[in-house]
Amino acid sequence: MLVAIGITILAIGLLWPVISKVPFGRLPGDIAIKKEGFHLYIPITTMIVVSLVVSVVLWLFKK
């Protein structure tokens with residue numbers, strides 16, 4: 001299980017330049033702070049939506 005999670009995180013990291021161009025991560029409730037030479041993005045709402053979707057998918061596979 002840990003190996004599968006690690007491979008998934010690695011794949012997401014390698015595909016991040018492509019994934020970041022998808023407009024999904026700009027939901028209301030996400031925090032973006034931009035200052036000169038500094039950019040902080042905290043996708044709170046996006047992570048809640050992703051968590052709900054993953055929970056439903058795992059619940060469906062469990063049945």
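How many bridges join E1 to E2, and which way do the two strands run? Five bridges join them, and the strands run antiparallel. We call two strands paired if DSSP finds at least two bridges between them.

Okay, some ground rules. This is a predicted model, where local features need pLDDT of at least 70 and side-chain atom pairs count only at pLDDT 80 or more, while totals for chains, interfaces and linings use all residues. Residues are numbered from 1 along each chain as its sequence is written, and side-chain values use heavy atoms, with hydrogens and water left out.

Let's start with the whole chain. It has three helices and two strands, and the order along the sequence is α-α-β-β-α. The radius of gyration is 15 Å, well over the 11 Å that the globule rule gives for 63 residues, so the chain is more spread out than a compact globule. That radius is taken over C-alpha atoms, and the rule is 2.2 Å times the number of residues to the power 0.38. Helices here (H or I, at least four residues) and strands (E, at least two) are DSSP runs, numbered from the N terminus. Along its principal axes, the C-alpha trace spans about 50 × 25 × 20 Å.

What about the surface? The accessible surface comes to about 5800 Å², and 78% of that belongs to carbon and sulfur atoms. Those areas come from the Shrake-Rupley method with a 1.4 Å probe, and for residues only the protein chains shown count as cover. Buried residues make up 5% of the 63; buried means under 20% relative accessible area, exposed means over 50%, and partly exposed is in between (1.4 Å probe, protein chains only).

Which residues make the nonpolar surface patch of about 660 Å²? They are Ile31, Ile33, Phe38, Leu40, Ile42, Ile44, Ile48 and Leu52. Strand E1 (31-35), strand E2 (38-42) and helix H3 (44-62) each give two or more residues to that patch. Patch residues have over 30% relative accessible area and no salt bridge; like charges are joined within 9 Å, and nonpolar side chains (Val, Leu, Ile, Met, Phe, Trp, Tyr) within 5 Å. A salt bridge, by the way, is a side-chain nitrogen of Lys or Arg within 4 Å of a carboxyl oxygen of Asp or Glu. Take Leu52 as one example: this residue is in helix H3, and counts as exposed because its relative accessibility is 55%.

Is Asp30 buried or exposed? Asp30 counts as buried, because its relative accessibility is 15%. Its side chain reaches the backbone nitrogen of Ile44 at 3.4 Å and that of Thr45 at 3.0 Å. Then a polar contact of 2.7 Å joins the side chains of Asp30 and Thr46. A polar contact is a pair of N or O atoms within 3.5 Å; within protein, one must be able to donate a hydrogen and the other to accept it, and residues adjacent in sequence count only if both atoms are side-chain atoms.

Thr46 is in helix H3 and is buried, at 6% relative accessible area. Thr46 and Arg26 are 20 residues apart in sequence and 7.6 Å apart in space, C-alpha to C-alpha. Arg26 sits in the loop between H2 and E1, and at 60% relative accessibility counts as exposed.
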